[in-house]
Amino acid sequence: MKLIRGGKVVNANHTAHYEVLIVGEKIEALIDPKSDTLKSVESWDCEIIDASGKYVIPGGVDSHVHLQLPMSDEAISSDTFESGTQAAAWGGTTTVIDFAGQIKGTAVPDAIESRLAEAAGQCAIDYSFHLSVGDVNKQSLVDIRSTVEAGITSYKLFMAYPDAWYSDDGQILQVMQLASETGAMIMMHAENGIAIDVLREQAISQGKLGSVWHGRTRPPELEGEATHRAIQLAIVAGAPLYIVHLSSLNALKEVSRARDEGRNVFAETCPQYLYLTLEKHLDQPGIDGLRHICSPPLRPSKDKHQDNLWMGLRTDDLSVVATDHCPFCDAEKLLGVEDFRETPNGLGVIEHRMDLLFQGVLTGEITLQRWVELCSTTPARLFGLQGRKGIIAPGADADIVIFNPETEHVLGASSHHMALDHSIWEGIKVQGQSESVISRGSFVIRNRNFVGRAGHGKFLHRSLPEPLR
Ligand code: URP
Ligand code: ZN
Ligand code: ZN
């Protein structure tokens with residue numbers, strides 16, 4: 001038994017001083033500090049954990065990560081299941097949802113089986129998988145149906161990457177129809193990949209080879225267009241839809257309109273789209289620009305995409321902040337030094353999501369409870385972990401972070417725990433830090449020391465999402 005004493009418990013819907021009683025892997029009770037129950041605490045066989053002056057929050061749920069993802073023959077994302085889940089824990093995240101990717105010519109069950117095998121025994125925190133569907137055909141449509149029984153209740157589709165993961169509108173509609181039957185969530189990478197490929201070819205033939213052209217050939221209009229199309233297809237199919245890594249005002253307007261109409265449409269954004277820009281970060285020579293290549297790209301500051309994304313977080317048009325963590329070291333990023341198309345897409349963020357978003361609490365962009373809701377409670381609810389993760393309540397898993405709102409620290413490669421030789425967050429000073437992190441009743445981080453172990457994290461067999469709003 002453990003009793004977390006003296007902290008302020010912050011849930012998405014309520015904040016108050018409670019003592020949190022943990023028995024085994026579960027939260028047993030929230031006890032009013034003035035209640036008589038606590039008078040007998042000395043007689044309990046109970047480890048007391050002091051959280052005075054700290055926030056006691058549900059462990060973060062990062063619903064979009066790519067650990068050890070092979071992007072090409074030459075580039076695998078640099079965080080393994082072991083290093084990536086440890087880094088996540090350092091940053092206050094206790095659940096990650098990665099992807100089992102069915103690439104063209106392969107079978108869905110094989111994709112799931114091999115991803116389960118890669119992660120088994122490696123993770124410091126709990127984990128699950130979405131299914132990335134890269135080959136919609138007769139057999140995969142049969143196989144996808146049975147993933148729900150395997151606890152995989154969300155499918156990602158791609159309107160981008162025509163040479164790899166792309167599905168056309170007919171294929172997308174068929175998977176959406178299936179999701180409407182099974183109750184699974186459709187996740188969409190919404191960028192018009194066919195049009196983007198034309199722009200990329202044109203840029204290259206004009207000698208526009210630098211990293212900024214990655215951004216300029218993926219304009220926000222093509223994210224807005226794809227988002228609109230995805231929403232219409234989801235409406236026709238009757239499936240719930242979740243737009244991943246939403247980066248632009250253009251896409252946000254489409255999501256907002258759909259939500260105003262009462263549709264089951266949701267979207268996540270990521271810290272990189274809230275803090276980094278095309279001009280300042282992507283439009284730099286050499287490795288500095290290449291490090292910032294991700295898709296969708298960082299957006300120009302002039303169009304006020306960021307201000308609108310923060311607004312979307314407040315109005316609930318954006319429901320989740322995930323990371324899309326997909327880190328590559330400089331050697332891999334430099335593959336595109338002569339042609340931006342050769343640089344693997346993705347950034348390292350998994351460790352800093354909670355801290356970066358907490359800056360939004362300090363500046364008044366979002367409330368403390370909204371921070372918890374965006375980073376933990378809603379991703380748990382939308383991906384079938386409701387009641388189990390993302391909440392401090394009796395019966396939930398004891399995934400708890402003791403967060404010190406005062407600690408200041410500077411982000412950077414020399415102090416982070418991601419397996420990454422640079423940091424796109426280098427030198428950024430933040431206030432607030434996860435001091436101790438508990439996963440299913442066991443410390444993973446204790447007073448800023450790692451005390452967890454590979455293999456503590458369990459595969460989460462997820463229920464159907466609870467998408468209704
Ligand atoms: O650049 C990105 N986003 N890399 C990860 C793959 C994806 O599309 O989510
Ligand atoms: Zn994507
Ligand atoms: Zn991704």
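Contact here means heavy atoms within 4.5 Å, and helices (H or I, at least four residues) and strands (E, at least two) are DSSP runs, numbered from the N terminus. The structure is a predicted model, in which local features need pLDDT of at least 70 and side-chain atom pairs count only at pLDDT 80 or more, while totals for chains, interfaces and linings use all residues. Residues are numbered from 1 along each chain as its sequence is written, chains are lettered from A and ligands numbered from 1 in the order in which they are written, and side-chain values use heavy atoms, with hydrogens and water left out.

In the contact of helices α14 and α15, Arg353, Met354, Leu357, Phe358 and Val361 of α14 meet Leu368, Trp371, Cys375 and Ser376 of α15. These residues divide into seven nonpolar, one polar and one charged; Ala, Val, Leu, Ile, Met, Phe, Trp, Tyr, Cys and Pro count as nonpolar, Asp, Glu, Lys and Arg as charged, and the others, Gly among them, as polar. The axes of α14 and α15 (residues 368–382) are 9 Å apart, and the packing angle is about 150°. Axes are lines fitted to C-alpha atoms, for helices over the stretch in contact, and angles run from 0 to 180 degrees between N-to-C directions. Helices α14 and α15 are therefore roughly antiparallel to each other; angles under 35 degrees count as roughly parallel, over 145 as roughly antiparallel, 65 to 115 as roughly perpendicular and the rest as oblique. The crossing of α14 past α15 is right-handed. A crossing is left-handed if the near helix is turned anticlockwise from the far one by less than a right angle, and right-handed if clockwise.

Strands of a sheet pair through backbone hydrogen bonds, either parallel or antiparallel, and two strands are taken as paired if DSSP finds at least two bridges between them. One open sheet has seven strands in the order β3-β2-β7-β16-β17-β18-β19, with mixed pairing. Its edges are β3 (15–17) and β19 (449–450), each with a single partner strand, so one side of each is left without a neighbour in the sheet. Two bridges join β19 to strand β18 (residues 442–446) in the antiparallel sense, and Arg446 has Asn449 of β19 as its bridge partner. On this sheet α14 touches β7 (55–58), β16 (400–410) and β17 (429–439), and its direction makes about 125° with that of β17.

The other open sheet has eight strands, ordered β8-β9-β10-β11-β12-β13-β14-β15, with parallel pairing. Strands β8 (60–62) and β15 (320–321) stand at its edges with a single partner strand each, so one side of each is left without a neighbour in the sheet. Three bridges pair β8 with strand β9 (residues 93–102) in the parallel sense, and Thr95 in β9 is the bridge partner of Val61. Helix α4 (residues 169–182) packs on this sheet, where it touches β11 (154–158), β12 (185–189) and β13 (241–243); the direction of α4 makes about 170° with that of β11. Helix α14 (residues 353–362) touches β8, β9 and β15, with its direction at about 110° to that of β8.

The contact of α4 with α7 comprises eight nonpolar, two polar and two charged residues.

The zinc ion (ligand 2) has Lys156 (NZ), His189 (ND1) and His245 (NE2) as its protein donors, at 2.2 to 2.4 Å. Donors are N, O and S atoms within 2.8 Å of the metal (3.2 Å for Na, K and Ca); water is not among the atoms, so sites may look incomplete. The sequence spacing of the donor residues is K-x32-H-x55-H. Lys156 belongs to strand β11 and His189 to strand β12, so the pair ties together parts that are 33 residues apart in sequence. The zinc ion (ligand 3) is 3.9 Å from the zinc ion (ligand 2).
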